[in-house]
Amino acid sequence: MPRHAARRAHAAPEEPPTRPRLAVLIPAHNEADRIGAAIDGLRDQTRRPDLVIVVCDNCTDDTAATAVAHGAQVFHTQGNTHKKAGALNQAIAWILPHLDDRDLLLVQDADTVLAPSFAETALTTFNRKVGAVGGVFYGEQGGGLLGLLQRMEFHRYAWELERTGGKAQVLTGTGTMFRARVLREVRAARRAGVIGGGTGYYSLASLTEDDEMTKAVKTLGYRAMSPAGCAVTTEVMPTLGKLWHQRLRWQRGALENLRDYGWTKVTARYFAQQFLMGFGALSFLVYLTYMAGFTTLYGWPGFSPFWTAIGLIFVVEKTVSVRRAGRRAVLVAALMVPEMLYDLFQHAVYFASLWGMLRRSEEKWVAT
């Protein structure tokens, strides 16, 4: 046996690399009623986090005490006036120096509970090309018909994610895991002017920091994934007023992020989605106007085999895409009218957001 081969044979075996650490940040503003369930969901993970930190941002209730009672540590923000993004920037700046590049940081909303498989699934999804793994969100029970319509909407989004192989459209704020290295690269890119939004980790200039972070991660050349095992259950809006404010912020933020980033390889698809959304909304309104005018002048047009077939295909697609949401969801989808009204609501949000951005009116962040 050659001498160098003998040396290799008798050398001490290499120690297996230690697994990456996993830390969790939960930004919370007066979430005493819900923070306990969020922390308990982390304790039930098949891969438990090594550290759970509740980021108390200007809290005036018992959020901090409740968090400690459920086994979490507490980080108090100092002088933060930038809502969730500002709170996260302070907390990340505090914890990131203690993490290696390969370690992981999970950011989770306080009104959300992760499925037990979330952390383990996210960990197995990471590779050199994947920079972040986001959740697949589902709505919690309750809220009557309005709550059901939101759950149906979320189920359709999950269905679309599954059909596209889990490629995330947005790294949802309900739950997203990052490599520590990627967060460092995001901040460096902001400071270098490669991407905007300030000099921190999350953008302070965006109404929807999670949507903007998605574009930041992708702009740096990383993939964003949302595999089916990363399910989360989150709050649904109980009233039309709260839903309006939530969706107006989401839509306005998405449009402003595209305006700020401009046309790039990353944003081209998002621009196309917004265009198709607007075109679909206009087409739907034109169709309703035409049918109302035609019926008023000439009466009901009668049976049409062609349009009946188109309608049946539409109903089948609507019902199949929500079948996992339960029988009530399938029934509501088959009735069509409730979802048509919900679509009109969404169209109104879209046009209100577009008009507000064109007028450059200020849309304030509203806690929900």
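1. In β4, Leu 105 is the bridge partner of Ala 23. Strands β1 (22-28) and β4 (104-108) run parallel and are joined by 4 bridges. Strands here are DSSP runs of E of at least two residues and helices are runs of H or I of at least four residues, both numbered from the N terminus; two strands pair if DSSP finds at least two bridges between them.

2. This is a predicted model, in which local features need pLDDT of at least 70 and side-chain atom pairs count only at pLDDT 80 or more, while totals for chains, interfaces and linings use all residues. Residues are numbered from 1 along each chain as its sequence is written, and side-chain values use heavy atoms, with hydrogens and water left out.

3. On its other pairing, β4 meets strand β8 (residues 175-179) in the antiparallel sense over 5 bridges. Gln 108 stands opposite Gly 175 in β8. Strands of a sheet pair through backbone hydrogen bonds, either parallel or antiparallel.

4. Strand β4 is largely enclosed by the rest of the structure, because 5 of its 5 residues are buried (under 20% relative accessible area; exposed is over 50%, partly exposed in between; 1.4 Å probe, protein chains only). Leu 104, Leu 106 and Gln 108 point one way from β4, and Leu 105 and Val 107 the other way. In a regular strand the side chains alternate between the two faces of the sheet.

5. The open sheet has 7 strands in the order β3-β2-β1-β4-β8-β6-β9, with mixed pairing. Its edge strands, β3 (73-76) and β9 (223-225), each pair on one side only. From one strand to the next the twist averages 25°.

6. Strand β6 (residues 130-134) pairs with β9 in the parallel sense over 3 bridges. Here Ala 132 stands opposite Ala 224 in β9.

7. Two helices lie across the sheet strands. Helix α4 (residues 83-95) lies across β1, β2, β3 and β4, at about 150° to β1. Axes are lines fitted to C-alpha atoms, for helices over the stretch in contact (heavy atoms within 4.5 Å), and angles run from 0 to 180 degrees between N-to-C directions.

8. Thr 267 counts as buried because its relative accessibility is 0%. Not counting residues up to four places away in sequence, Thr 267 touches Leu 258, Tyr 261 and Gly 262. A polar atom of the Thr 267 side chain lies 2.6 Å from the backbone oxygen of Gly 262.

How values were computed
Polar contact = N/O pair within 3.5 Å; in protein donor to acceptor, adjacent residues only side chain to side chain.
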